[in-house]
Amino acid sequence: MKPFGLGYQKINMCAKFCMLYFLENIELTECRTCGHSCYKPITSRGKTIVAHKKLRNFSITPRLQRLFMSPKTVEHITWHQSHGVVDGVMVHPSNGEAWKHFNSVHPHFLAESRNVHLGLCTNRFNPFGSFVALYSCWPVILTVYNLPPGMCMRPKFIFLSTVIPGPNSSGRNIDIYLRSLIDELT
């Protein structure tokens, strides 16, 4: 299934959220960290193997490519480097200290103004609308910061990258969930 014509994949994960069964681990049936089985026990009713948890991952490469194919957005893709800066006023993330520090640490990335800067955020919501239910989702959303402030927060430039299942926050283990996104970006 490919919603919206985008790459979509389900990735099995450990029931205790220790690891993803992804790339070199795709053939494993038990977690390397905790030893927990990847799959639920087979019931007498059916012989279908069902994973304990599945991470939903949406490919962002086609959406980033569309930014550069559209004549309306390609003229704004280098705005972050050419806009005027007012001293002491933060109008855009490119005026912030973190952006300036990143540019000083990675000058090769700064050399090409069309390199895409992304902001990542996540937060929990309960799809069933009841706080009693134990189920919740953690969507991982990416925002393109190359664009002007009026454009970078529009829905068509905000990308859903990953949906993390489960009632608990990812916390310190966020790198496990983001592995497929990091691999795609590298």
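This is a predicted model: local features need pLDDT of at least 70, side-chain atom pairs count only at pLDDT 80 or more; totals for chains, interfaces and linings use all residues.
Leaving aside neighbours within four places in sequence, Ser-161 is in contact with Arg-56, Asn-57, Phe-58, Ile-60, Val-140, Leu-142 and Leu-181.

Ser-161
- Ser-161 belongs to strand 5, which covers residues 158–165.
- With a relative accessible area of 0%, Ser-161 counts as buried, because that term applies to values under 20%.
- The side chain of Ser-161 also makes a polar contact, at 3.2 Å, with the side chain of Thr-162.

The second largest pocket
- Leu-142 and Leu-181, which are both in contact with Ser-161, are among the residues that line the second largest pocket, and this lining also includes Leu-64, Phe-109, Asn-115, Val-116 and Leu-185.
- Two elements, strand 3 (118–122) and helix 8 (179–185), each give two or more residues to the lining of this pocket, and the largest share, 3 residues, comes from strand 3.
- Sorted by class, the lining of the second largest pocket has 8 nonpolar and 2 polar residues, with no charged residues.
- The space in the second largest pocket amounts to about 240 Å³.

Ser-180
- Ser-180 is found in helix 8, one of the elements that give two or more residues to the pocket lining.
- Ser-180 has a relative accessible area of 4% and is therefore buried.
- Not counting residues up to four places away in sequence, Ser-180 touches Ile-11, Phe-22, Leu-55 and Asn-57; Asn-57 is also among the contacts of Ser-161.

How values were computed
Residues are numbered from 1 along each chain as its sequence is written. Side-chain values use heavy atoms; hydrogens and water are left out. Helices (H or I, at least four residues) and strands (E, at least two) are DSSP runs, numbered from the N terminus. Buried means under 20% relative accessible area, exposed over 50%, partly exposed in between (1.4 Å probe, protein chains only). A polar contact is a pair of N or O atoms within 3.5 Å; within protein, one must be able to donate a hydrogen and the other to accept it, and residues adjacent in sequence count only if both atoms are side-chain atoms. Contact means heavy atoms within 4.5 Å. On a 1 Å grid over the protein atoms alone, a cavity is a set of points where a 1.4 Å probe fits but cannot get out, and a pocket is an open set with protein on both sides within 12 Å along at least five of seven lines; lining residues have an atom within 4 Å of a point. Grid points are joined across faces, edges and corners, and a volume is the space filled by probe spheres set on the points. Ala, Val, Leu, Ile, Met, Phe, Trp, Tyr, Cys and Pro count as nonpolar, Asp, Glu, Lys and Arg as charged, and the others, Gly among them, as polar.
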